[in-house]
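Visitor: Please put the structure up, and then we can go through part of it strand by strand.

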Amino acid sequence: MHWLDRITPQINYIWHGTWPPRYIEPPRYLHDHELIIFARGTCTVELDDRRLDCPLKTFVIVPPDRRHATHGGPAIVGRHCIHFDFSSLGPY
């Protein structure tokens with residue numbers, strides 16, 4: 001069995017919302033994974049020392065314990081965020 005067949009995501013919480021144009025979410029660290037789906041507008045996500053352009057209908061997964069910040073574009077930004085961990089189903 002492949003190792004990916006032995007893990008399952010455990011959702012911690014889900015939220016969605018909008019930001020005003022050019023909103024900046026300050027640098028931070030999370031203790032779980034975060035899947036960010038961009039549903040409106042555009043964003044730039046800084047992940048460690050990389051800048052990721054995130055247009056409409058794209059997504060980013062931020063791993064735990066990684067410094068990241070989000071900068072909104074010139075229009076209203078809409079995001080869906082799912083925070084999760086992986087739970088092992090046992091040795092493979």
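Visitor: Which residues of strand 4 are buried on each side?

Guide: This is a predicted model, where local features need pLDDT of at least 70, side-chain atom pairs count only at pLDDT 80 or more, and totals for chains, interfaces and linings use all residues. Residues are numbered from 1 along each chain as its sequence is written, and side-chain values use heavy atoms, leaving out hydrogens and water. Buried means under 20% relative accessible area, exposed over 50%, partly exposed in between (1.4 Å probe, protein chains only). Both faces of strand 4 are covered, with Thr44 and Glu46 buried on one side and, on the other, Cys43, Val45 and Leu47.

Visitor: Which residue in strand 5 is the bridge partner of Glu46?

Guide: Strands are DSSP runs (E, at least two residues), numbered from the N terminus. Two strands pair if DSSP finds at least two bridges between them. Strand 4 pairs with strand 5 (residues 50-54) in the antiparallel sense over five bridges. The bridge partner of Glu46 there is Arg51.

Visitor: What does Ile61 contact, leaving aside its neighbours within four places in sequence?

Guide: Ile61 lies in strand 6 (residues 59-62) and is partly exposed, with a relative accessible area of 42%. Contact means heavy atoms within 4.5 Å. With those neighbours left aside, Ile61 is in contact with Glu34, Leu35 and Phe84.

How values were computed:
Helix = DSSP H or I, 4+ residues; strand = E, 2+ residues; numbered from the N terminus.
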